[in-house]
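Here is a short briefing for a first look at a protein model. Please keep the sequence and the 3D view open as you read.

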Amino acid sequence: MSFSRPCIVFVIGCFSLSHVYAQTSPQDDKKQSPSLVIKPITCVVKSLGDACQMKASVMWQSPELQDVCLFQDKQQLKCWAKQNQVSEMVDVTLDKTMVFSLRDTKQRTLVEQTIKVHALSSRKYRRKLKSDWSLF
């Protein structure tokens, strides 16, 4: 029984040290980069080339207040002034896989996310119903 007491003290000591190191200070938060989450991350259309219209949930956060804009490739969709956390629904139209980016006032890309377009039937891989040659 005397062996288990030092083990318990050691485990409790390690746990308390890990808890102290796991806490972040306000200075550490400023080193973090902004994050962007857009859902859904895929859009399904009947065939490639069709337009996909959806309401996307856009959530982003930054460690500091910023003026930022959301872009769909090169098109500006929405801007926010002096915000550090936003959660909104945005109307989006896609006809191909596109990159969404969060940019600051100097047009520097802070973070980006790709939204993919998938088709139920692909024109590229359509199976032929009749062969090119025949004996009859």
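This is a predicted model: local features need pLDDT of at least 70, side-chain atom pairs count only at pLDDT 80 or more; totals for chains, interfaces and linings use all residues.

Residues are numbered from 1 along each chain as its sequence is written, and side-chain values use heavy atoms, with hydrogens and water left out.

**Overall build**

- The protein has 2 helices and 6 strands. Helices (H or I, at least four residues) and strands (E, at least two) are DSSP runs, numbered from the N terminus.
- Starting at the N terminus, the order of elements is α-α-β-β-β-β-β-β.
- Of the 136 residues in the protein, 25% are buried. Buried means under 20% relative accessible area, exposed over 50%, and partly exposed in between (1.4 Å probe, protein chains only).
- The protein's accessible surface is about 10900 Å², and carbon and sulfur atoms hold 57% of this surface. Accessible areas come from the Shrake-Rupley method with a 1.4 Å probe; for residues, only the protein chains shown count as cover.
- Take the contacts between residues at least 6 apart in sequence: 57% of them join residues at least 24 apart. Contact means heavy atoms within 4.5 Å.

**Nonpolar core**

- The largest nonpolar core contains 22 residues. Such a core is a set of buried Ala, Val, Leu, Ile, Met, Phe, Trp, Tyr and Cys residues joined through side-chain atoms within 4.5 Å.
- Ile38, Leu70, Trp80, Leu94 and Phe100 have the most contacts inside this core.
- At least two core residues come from each of β1, β2, β3, β4, β5 (98-104) and β6 (109-121). β3 gives the most, with 7 residues.
- Which residues does Leu94 contact, leaving aside its neighbours within four places in sequence? Among them are Cys43, Cys52, Met54, Phe100, Ile115 and Val117.

**Disulfides**

- A search of the whole structure finds 2 disulfides. A disulfide is a pair of cysteine sulfur atoms within 2.5 Å.
- With bonded cysteines counted along the chain, the pattern is 1-2, 3-4.
- Cys43 is joined to Cys52, with an S to S distance of 1.3 Å. The torsion about this S-S bond is about 45 degrees, so the disulfide is right-handed. Cys43 and Cys52 are both buried.
- Cys69 is joined to Cys79, with an S to S distance of 1.9 Å. Cys69 lies in strand β3 and Cys79 in strand β4, so the pair ties together parts that are 10 residues apart in sequence.
- The link of Cys69 and Cys79 is right-handed, with 105 degrees about the S-S bond.
- Cys69 counts as buried at 17% relative accessibility. Cys79 is partly exposed, with a relative accessible area of 36%.

- Most residues other than glycine have a negative phi, and most peptide bonds are trans.
- Lys39 and Pro40 are joined by a cis peptide bond, with omega about 0 degrees. Pro40 lies in the loop between β1 (35-39) and β2 (42-47).
- Asp73 is not a glycine, yet has a positive phi of about 55 degrees. Asp73 sits in the loop between β3 (52-72) and β4 (75-94). Asp73 counts as partly exposed at 30% relative accessibility.
- Lys82 also has a positive phi, near 50 degrees. Lys82 is in strand β4. At 60% relative accessibility, Lys82 counts as exposed.
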